[in-house]
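Hi everyone, thanks for coming.

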Amino acid sequence: MVVTYHRPTRAIIHRKAIFENIKKEVKRLPAGTEMFAVVKANGYGHGAVPVAQAALAAGAAGFCVATLDEAIELRESGIIEPILILSVVFPSYLSVVLDYDLSITVATKEWLVDAQDILETFGENHPVKIHLKVDSGMGRIGFREEPDLKEAIDLLESSDKMEWEGIFTHFATADEVDQSYLKKQASRFKTMLENLTKMPRYIHASNSATTLWHEDEMLGNVIRYGVAMYGLNPSGDVLTEPYHLNPALELISEVIQVKELPKDEGIGYGKTYTTKESEWIGTVPIGYADGWVRKMQGFSLLVDGQACEIVGRVCMDQLMIRLPKKYPVGTKVTLIGKNGGKEITMQQVADYLETIHYEVACLLSERVPRMYRE
Ligand SMILES: *Cc1c(COP(=O)(O)O)cnc(C)c1O
């Protein structure tokens with residue numbers, strides 16, 4: 001994939017914001033609790049490696065990713081801390097897992113049986129580090145029944161090819177006001193833990209929302225801190241964060257053409273907008289191929305501290321905005337971030353798209369260069 005550097009559209013990532021967000025959280029953690037920074041999906045679109053480096057400098061003790069390849073990217077960048085892959089890795093990739101010294105998530109007994117057969121063929125090797133996942137109510141992956149979990153633990157304990165490194169669960173509603181389901185999940189997980197005769201090195205349950213708002217439910221000795229470190233409130237704007245979260249990502253561009261059109265001129269594919277009077281129209285080189293989706297038509301961008309509506313359809317590579325007056329080519333356009341005392345937050349974009357900011361961040365395509373500021 002080509003990253004388009006020779007164009008004024010950029011995502012500016014403020015690493016200081018990530019550093020500070022993490023620092024604040026690390027300071028609040030109970031003694032003996034470590035933070036694993038979640039940098040899956042290219043660090044929620046912010047760039048996995050630069051984010052991981054900032055997280056490390058701020059006190060993260062390990063990392064979580066979603067896929068084997070994301071873990072490899074971190075290792076190859078020189079990160080030596082623990083890396084946990086949160087989703088299921090097929091046993092057929094175990095030699096890669098071992099080569100890169102990664103920790104993996106196991107969600108079924110069957111996986112362990114398959115893995116054992118494969119590991120037997122490897123000869124002498126260090127054991128594969130395994131975190132058992134408990135499905136306490138997310139309904140996604142993990143052990144639901146205690147007997148299954150116990151059998152899995154017995155299997156792990158009897159194998160010298162596998163090391164039981166962790167046990168964890170994931171909460172479905174920690175970002176909501178109503179805590180009843182969270183409490184139910186937490187208590188299920190707690191009961192499972194209480195009935196174990198041995199504990200692994202790492203026990204974890206908390207995502208950002210649990211960590212920010214539900215100290216009582218913060219089971220274990222590790223948190224998996226994701227969206228909040230990017231400066232985004234996990235609940236959107238439902239719950240108030242206990243400390244200021246500083247948004248790390250700014251999305252900017254420039255106008256590449258400015259023209260005055262008379263009344264009744266069409267703008268964009270399908271001529272969905274017609275000038276209502278004589279209007280100044282600016283063209284901005286960003287479109288749905290950059291992750292700024294067509295549904296953003298009608299949303300307002302910031303130019304010189306003023307809201308400028310996206311008029312006409314968003315094209316693949318460009319869009320048009322209505323300017324309040326003539327501005328020179330090269331004038332800065334802010335799509336996310338601050339401009340002239342005003343701000344567009346990722347949450348506002350998410351609200352407009354009827355989605356969550358997590359998705360907005362992940363949508364930004366690889367074509368948009370990520371530029372890092374300290
Ligand atoms: C993505 C993810 C997290 C991080 O969640 P945030 O809401 O971004 O903090 C934690 N745990 C698991 C299992 C995840 O998939």
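Let's start with the shell around the ligand: its residues divide into 5 nonpolar, 4 polar and 3 charged. In that count, Ala, Val, Leu, Ile, Met, Phe, Trp, Tyr, Cys and Pro are nonpolar, Asp, Glu, Lys and Arg are charged, and the others, Gly among them, are polar.

A word on the ground rules. This is a predicted model, where local features need pLDDT of at least 70 and side-chain atom pairs count only at pLDDT 80 or more, while totals for chains, interfaces and linings use all residues. Residues are numbered from 1 along each chain as its sequence is written, and side-chain values use heavy atoms, with hydrogens and water left out.

Who is in that shell? The ligand is surrounded by Val38, Lys40, Tyr44, Leu86, Arg140, His170, Asn207, Ser208, Arg224, Gly226, Val227 and Tyr358, where being near takes a heavy atom within 4 Å.

Now the polar contacts, meaning pairs of N or O atoms within 3.5 Å. The side chain of Ser208 has an N or O atom 2.5 Å from an oxygen of the ligand. For Arg224, a side-chain N or O atom is 2.7 Å from a ligand nitrogen, and for His170 the distance to a ligand nitrogen is 3.4 Å. On its own the ligand exposes 390 Å², and the protein buries 93% of that; these areas are Shrake-Rupley values with a 1.4 Å probe.

Where does the ligand sit? The space it takes is the largest pocket, and sitting there requires more than half of its atoms to lie within 2 Å of the pocket's grid points. On a 1 Å grid over the protein atoms alone, a pocket is an open set with protein on both sides within 12 Å along at least five of seven lines, a cavity is a set of points where a 1.4 Å probe fits but cannot get out, and lining residues have an atom within 4 Å of a point.

Next, the UniProt record, whose annotations may be inferred rather than shown by experiment. Its unreviewed entry gives "active site" for Lys40 and Tyr269. They span 230 residues in sequence and their C-alpha atoms are 35.6 Å apart, so they do not gather at one spot. From this set, Lys40 is in the lining of the largest pocket.

The unreviewed entry also places "binding site" at Arg140 and Met316. Those are spread over 177 residues of sequence and up to 34.4 Å between C-alpha atoms. Here, Arg140 belongs to the lining of the largest pocket.

Thanks, happy to take questions!

Notes. A polar contact is a pair of N or O atoms within 3.5 Å; within protein, one must be able to donate a hydrogen and the other to accept it, and residues adjacent in sequence count only if both atoms are side-chain atoms.
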